[in-house]
Amino acid sequence: MLGLESSCDDTAAAIVRRGADGAITVLAEAVINQNAAHAPFGGVVPEIAARAHAERMDGLAAQVLADAGLSPGDLDAVAATAGPGLIGGVMAALMTAKGIALGAGIALVAVNHLEGHALSPRLTGRLDFPYLLLLVSGGHTQLLIVEGIGAMTRLGSTIDDAAGEAFDKTAKIMGLGFPGGPAIERAARAAADPARFALPRMLAGKQGCDFSFAGLKTAARRAWDGLETPDESNRADLAHAVQGAIAAHLAERTGRAMDVFMDRLPAASRTLVAAGGVAANQTVRSALTAEAGARGFNLVAPPLKYCTDNAAMIALAGAERLALGLTDGLDAPARARWPLDADAAALAPAAGSGRKGPKA
Ligand code: KG4
Ligand code: ZN
């Protein structure tokens, strides 16, 4: 299965083989990020992203085929992210996949990017359904019970910004580079006075598993603007405070979701998966590990290269779908929005997934 990804700011292609026993082998993979192109703007610029994807997608597909020593005719099928994401970017992978499917006479699988993230831990090890998933990226922050392919129940999501956006926007306020998450993590290591800034506890004591980050961004802006002569040490201390507040909030809300998961599925194995770019953050991982450990949950986080956007997870989702006979026609649409749990999204449309975010 060839998988193609271009829904945000990474152009990616990968080839996986799914064995008869369901085991997955990644045969080739490549990712080109666009950080340098977006850095001057402090966020992803949709038009720049779309053009860069369109210029590189076909070449990258050819590259992974060559790396794996395969030609298009050797493939069983081709999968592409068909949404959700920046629509101009989504089209690049989907149209390339349609061309390959038509040219090589193979099946097309239109993959939901979020399902790719949800299944990503299965790229590197055996993980049985159901499990609880915390998906934390630049465009999404949600908690899902993953029961199977195409079977996910949303327990909560952000009511404003995504966690990655909170990192990116506060980094921008402090004059740290883009993407903000890694920049904040680096800066926070130098904090001399980690308790210097007190930031608010979001949704403290509120029921449910939703998230909110807008208040944190405002508080960080106020703290930064209130400094007379902001310097490196202030930057390090505030980065530490922001990272701690985001990690604590993610852990607290995820703790609630673990309680719900246990109530609903008492016999299930207790696994919490953290996926998405923010799951790369060590402070976030430690906070989640502590919360999981207290409830007898095992925290599984994919390796960093499968936490951030990649095409192996799209090829994997495609391969799992193909194994179930789930393929798509060449009229499969590119979608800017595509909730994994349509029922939950219909019940709480305002609690979408980073709808004001860079990927909206
Ligand atoms: O999953 P991803 O690569 O793309 C999306 O689908 O959004 O996630 C990108 C997001 C960005 O907001 C970035 O700042 C954040 O993940 N991120 C991090 C770290 N690495 C990436 N946030 C915190 N700490 C990190 N080390
Ligand atoms: Zn993603």
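User: Which residues lie nearest the centre of the largest pocket?
Analyst: This is a predicted model, in which local features need pLDDT of at least 70 and side-chain atom pairs count only at pLDDT 80 or more, while totals for chains, interfaces and linings use all residues. Residues are numbered from 1 along each chain as its sequence is written, chains are lettered from A and ligands numbered from 1 in the order in which they are written, and side-chain values use heavy atoms, with hydrogens and water left out. A pocket is an open set of points on a 1 Å grid over the protein atoms alone, where a 1.4 Å probe fits and protein lies on both sides within 12 Å along at least five of seven lines, and lining residues have an atom within 4 Å of a point. The largest pocket has 37 lining residues, and those nearest its centre are Asp10, Pro179, Gly277, Thr308 and Asp309.

User: Which element gives the most residues to the lining of the largest pocket?
Analyst: Helices (H or I, at least four residues) and strands (E, at least two) are DSSP runs numbered from the N terminus. Two or more lining residues come from each of strand S2 (10–18), strand S3 (24–33), helix H5 (163–173), helix H6 (180–188) and H10. The greatest contribution, 4 residues, is made by S3.

User: Which protein residues are donors of the zinc ion (ligand 2)?
Analyst: Donors are N, O and S atoms within 2.8 Å of the metal (3.2 Å for Na, K and Ca), and since water is not among the atoms, sites may look incomplete. Along the chain the donors follow the spacing H-x3-H-x191-D. His117 lies in helix H4 (residues 113–119) and Asp309 in the loop between helix H10 (304–307) and helix H11 (312–323), so this pair ties together parts that are 192 residues apart in sequence. At 2.1 to 2.2 Å from the ion, the protein donors are His113 (NE2), His117 (NE2) and Asp309 (OD).

User: Which residues does Arg321 contact, leaving aside its neighbours within four places in sequence?
Analyst: Arg321 is found in helix H11, where its relative accessibility of 19% makes it count as buried. With those neighbours left aside, its contacts are Val109, Glu115, Ile149, Gly150 and Leu326.

User: What is omega for the cis peptide bond that joins Phe178 and Pro179?
Analyst: Another cis peptide bond runs from Phe129 to Pro130, with Pro130 in the loop between H4 and strand S6 (131–136). For the bond joining Phe178 and Pro179, omega is about -5 degrees.

Key
Buried means under 20% relative accessible area, exposed over 50%, partly exposed in between (1.4 Å probe, protein chains only). Contact means heavy atoms within 4.5 Å.
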